[in-house]
Amino acid sequence: MAVPVEYVPKTFRPRLSTYWWLGRWPYLRFILRELSSVSVAWFVVVTLVQIRALKRGPASYLAFQGWMRHPVLIVLNAIAFFFVIFHAVTWFNLAPKAMAVRLGGKRVPSLMIALPNYVAWAVVSAGVAWILLRG
Amino acid sequence: MLFSAGGVVAALLIPIQLFLFGLAIPLGWLPGPTYASLLALAAHPLARLYLLVLCTLPLFHWAHRFRYTLYDGLQIKHLNELINTFCYGGAIVGSILAAYLLWRM
Amino acid sequence: MAENIKLEVTRYHPGSDDEPRSQSYEVPLRKEWVVLDALNYVKDRVDGSLSFRWSCRMGVCGSCGMMVNGEPKLTCATFLADYAPGPVRVEPLKNFPILRDLIVDISDFLVKLAKSRPWLIRKESTPPPGEYLQTPEQLDAFKQFSMCINCLLCYAACPVYGLDPLFGGPAAIALAQRYNADSRDQGASERMDVLSHSDGIWGCTFVGECTEVCPKDVDPAGAIQQYKLTATKEWIKSLLMPRGER
């Protein structure tokens, strides 16, 4: 008599395409959100170049300012600015999800947690702008 | 944790500075600080600390995020060592550079 | 409204097929029909060999999850008329191995679910006399996460689960958080050891699609982010008070 053997079916495992993130808009939006970090790194690089130019004297800083006025730099910085804003907005909107704050037994709506972040952002930005522009 | 801290710093502080130095001042929308006043401002110890934080934490935020984007987006996880070296190495190099530049203003 | 609508259904027979293929069926387009009704029509009247899972047909059992036009859906809750004039593509749930036709192998999920220890863990071995008391506020802290029907639509939506076979996945982690947040449970540290790991909560990159597709509004993404915050707080506490009790 044959010994019963467990039948293991031949399952088919679909391979995920390298371009899976193009398949649906939410996935593309996610990848763009993650790529905003490149703009963040770009800003740091530009700032370090700026600090170095500052240290080297007025002529050097003048050259830096000229470089920043170049159309290619303007375009790059405009793109970077858009992505940095995208980072900030998605960051502030997602932060409340991690914090289940309860007040008086009821869950505080996400907006109430995101809003103070936006306010802080506005205040800090205004402060920095004032410090930089009054000189 | 570095990722979160970097993300907060990037979200709060980078937009305004990028807007001013990257767009508004080069395009002439707003008058920028003179060389002398900017140098004086940047030389202040608090300003140097601010700039140090601004130029290090966001780099680590980028490193972590970009590393995972390369894993997930392009599925090149097998290039693990190369990616890690590039990302975290880059962040470390950038941070050291920032500290070196800001040490003496 | 047109008389019929075309369904393009994945067929796969492990004994004879090397890879899945698509087969078309014309079904009546009735305004109150859901995709599950169309599939049952095919099985009853057109092609009895079509295989698929279903049970309650009212969105509480979690059996009928499939991809409808590329989106993870409960076929008992997805109206056929919304896809008129068609065709409607019905495929097995994404990111799982296909067993046959529209049926997927979910054993990986069951293993990961068990790792989350989705039951009340108490320090004492016998339960205390009487019932556990819980205020409405305490119930509120985890109730949303307890609504999970294990339908696995979130796994189909999660790109990380698709990319990394070791990732625990939205439902398993959300259910761990459901118990962590339950005031009657004392097993948070036990679960933390398992889940505070690159294949656990730290594998999640907060894409957020799991929450978007969840038919019961469980918000697994929110659960996982809460868990990340708790894990970070615990880690800081362990740095500051290494001998403190966890």
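Okay, first a definition: when I say "domain" today, the bounds come from an automatic or database domain assignment. One word on the source: this is a predicted model, where local features need pLDDT of at least 70, side-chain atom pairs count only at pLDDT 80 or more, and totals for chains, interfaces and linings use all residues. As for labels, residues are numbered from 1 along each chain as its sequence is written, while chains are lettered from A and ligands numbered from 1 in the order in which they are written.

Let's start with chain C. It splits into domain 1 (4-104) and domain 2 (107-240). Going by C-alpha atoms, the centres of those two domains of chain C are 30 Å apart. Where they touch, domain 1 of chain C puts in 13 residues and domain 2 of chain C puts in 12; "contact" here means that the C-beta atoms of two residues, placed from the backbone, lie within 7 Å.

So what sits on the domain 1 side? The elements giving two or more residues there are β3 (65-68) and β4 (71-74) of chain C, and β4(C) has the largest share, three residues. Strands are DSSP runs of E, at least two residues, and helices are runs of H or I, at least four, numbered from the N terminus. By class, that side has seven nonpolar, four polar and two charged residues. Nonpolar covers Ala, Val, Leu, Ile, Met, Phe, Trp, Tyr, Cys and Pro; charged is Asp, Glu, Lys and Arg; the others, Gly among them, are polar.

Now over to chains A and B. Their contact takes 45 residues from chain B and 43 from chain A. On the chain B side, α1(B) gives the most, with 15 residues. That side counts 34 nonpolar, 10 polar and one charged residues.
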